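Please work through each task before reading its solution.

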Amino acid sequence: MKTALITGASRGIGAAIAKGFAESGYMVAGTYCRSITEMEAMEKTCGILPIWADLADTPSLPLVAEKVRKLLGHVDVLVNNAACSYTDLFQCISQEQIRQMYAVNLTAVVELSRLFLPDMLSRHQGCIINISSMWGETGASCEVDYSVTKGAVLALTRALAKEVGPSGIRVNAVSPGTIATDMNGHLSKETLEVLAEETPLGRLGRPEDVADTVLYLASEKASYITGQDIGVNGGFFC
């Protein structure tokens, strides 16, 4: 049985990705931090193995990897999905918010990839999929640090894909647009309606739209795709 680890699997895009892999026959583990009720429900309904982790605590990441190996044995597919976002003027973001965004959105992605890569290299197979953002592609006012972290994830994706491709490992990214999740819950109904109207396909994205793309990239149908960034944004940025 193939295995998959999805970070930030308890809600939104992460939950849709975890469920998609479980439905496709994978043994799935998912990290969570605060949403224990949602994670326990997913364990009961989908068989997803919950792993508590504070991805902002960088020194604890090797322990997280150890827990994953005990549950899964090895990781065929690593989906670096967990992220946090704060919206404010560049000079007004607090130091703690800055620390959290860089630790969760970038450092955890880098270090978890580094921790699981040796197993993939020894087996000459594996797939890493990083969830970035269209703001990592083009940048967003009042989300500067978030944009920086997501842009850096795209650079990591391209560089690592070149390095590990000869060993049979593929690394890709998916950059969602505005998706109807809790992360965008701070936006007003009117703002969301405007964003939907400005999107060429005329609607906001669903978590399943992103999950379907991730599942495709992890499949054999995408066996000749690596180092790519797939935009799932309804044409909002293209």
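Predicted model: local features only at pLDDT ≥ 70, side-chain atom pairs only at ≥ 80, totals over all residues.

**Exercise 1.** State how many aromatic pairs the structure holds, and characterise the pair of tryptophan 135 and phenylalanine 236.

*Solution.* The structure holds 2 aromatic pairs. For tryptophan 135 and phenylalanine 236, the ring centres are 6.3 Å apart and the planes stand at 85 degrees, so this pair is edge-to-face. The pair links distant parts of the chain, 101 residues apart: tryptophan 135 belongs to helix H5 (residues 134-138), and phenylalanine 236 to the segment after strand E7 (229-232). Next, consider accessibility. Tryptophan 135 has a relative accessible area of 23% and is partly exposed; phenylalanine 236, at 27%, is also partly exposed.

**Exercise 2.** Describe the largest pocket by volume, lining and residue class.

*Solution.* The volume is about 1200 Å³. The lining of the largest pocket comprises 43 residues, with Arg11, Ala83, Cys84, Ser85 and Met183 nearest the centre. Elements giving two or more residues include strand E2 (27-32) and helix H4 (95-123), while H1 gives the most, with 3 residues. By class, the lining has 20 nonpolar, 17 polar and 6 charged residues.

**Exercise 3.** Give the volume of the second largest pocket and the classes of its lining residues.

*Solution.* The second largest pocket has a volume of about 240 Å³. Its lining divides into 4 nonpolar, 5 polar and 4 charged residues.

Note on methods
Residues numbered from 1 in each chain as written. Heavy atoms only, no water. Phe/Tyr/Trp six-rings, centres within 6.5 Å; stacked < 30°, edge-to-face > 60°. Helix = DSSP H or I, 4+ residues; strand = E, 2+ residues; numbered from the N terminus. Buried < 20%, exposed > 50% of the residue type's maximum accessible area, 1.4 Å probe, protein only. 1 Å grid on protein atoms, 1.4 Å probe; cavity = no way out; pocket = protein on both sides within 12 Å on 5 of 7 lines; lining within 4 Å. Points joined across faces, edges and corners; volume = space filled by probe spheres on them. Nonpolar A, V, L, I, M, F, W, Y, C, P; charged D, E, K, R; others polar.
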